[in-house]
Amino acid sequence: QVQLVESGGGLVQAGGSLRLSCAASGSIFSITTMGWYRQAPGNQRELVATITSGGRTNYADSVKGRFTISRDNAKNTMSLQMNSLKPEDTAAYYCYANSLTDGRLRGYWGQGTQVTVSS
């Protein structure tokens, strides 16, 4: 099993910055890809960014150039640096991890952390 805990959410004005962190525990050595997703009220959960164990990244078009995803495999943590925040970024942000166990990929989610961007 893999447990994921997010932190760093809060209230910020438009144009400001926040840094989200995700701490992984459990069967951490089986984790391959990690990422951040977000969900606003009434909307579907959407991908924000992903990063592989080798450091390869992908970003949603809406956050390219503003958000940066990173991970520290030694510390079992992942971060999302969010700059130039917009009200449209307001959502609950969730940490995600894929784990390869007994030849099968399994997905795990954190509990979420709220990010609110005011106009």
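1. The chain carries 11 positive and 7 negative side chains, and the centres of the two sets are 4 Å apart. Lys and Arg are taken as positive and Asp and Glu as negative, with His and the chain ends not counted. Each charge is placed at NZ of Lys, CZ of Arg, CG of Asp or CD of Glu.

2. This is a predicted model, in which local features need pLDDT of at least 70 and side-chain atom pairs count only at pLDDT 80 or more, while totals for chains, interfaces and linings use all residues. Residues are numbered from 1 along each chain as its sequence is written, and side-chain values use heavy atoms, with hydrogens and water left out.

3. The chain has zero helices and 11 strands. Both terms refer to DSSP runs, numbered from the N terminus: helices are H or I of at least four residues, strands E of at least two. The C-alpha trace spans about 50 × 25 × 25 Å along its principal axes. Buried residues account for 41% of the 119 residues; buried means under 20% relative accessible area, exposed over 50%, and partly exposed in between (1.4 Å probe, protein chains only).

4. By the rule used here there are four salt bridges, a salt bridge being a side-chain nitrogen of Lys or Arg within 4 Å of a carboxyl oxygen of Asp or Glu. One of them joins Arg38 and Glu46 at 2.7 Å, N to O. Arg38 is buried, at 6% relative accessible area, whereas Glu46 is partly exposed, at 38%. Another joins Lys64 and Asp61 at 3.2 Å; Asp61 is exposed, at 67%.

5. Arg66 and Asp89 also form a salt bridge, at 2.8 Å, N to O. This pair links distant parts of the chain, 23 residues apart: Arg66 is in the loop between β6 and β7 (67–72), and Asp89 in the loop between β8 (77–82) and β9 (91–101). Arg66 counts as buried because its relative accessibility is 10%, and Asp89 likewise at 2%. Through shared partners, salt bridges join Arg38, Glu46, Arg66 and Asp89 into one network.

6. Which residues does Thr57 touch, not counting residues up to four places away in sequence? They are Thr50, Ile51 and Ile69, where contact means heavy atoms within 4.5 Å. Thr57 lies in strand β6 (residues 57–59) and is partly exposed, at 30%. Thr50 lies in strand β5 (residues 46–51) and is buried, at 13%. Among the other residues that Thr50 touches are Thr33, Met34 and Gly35.
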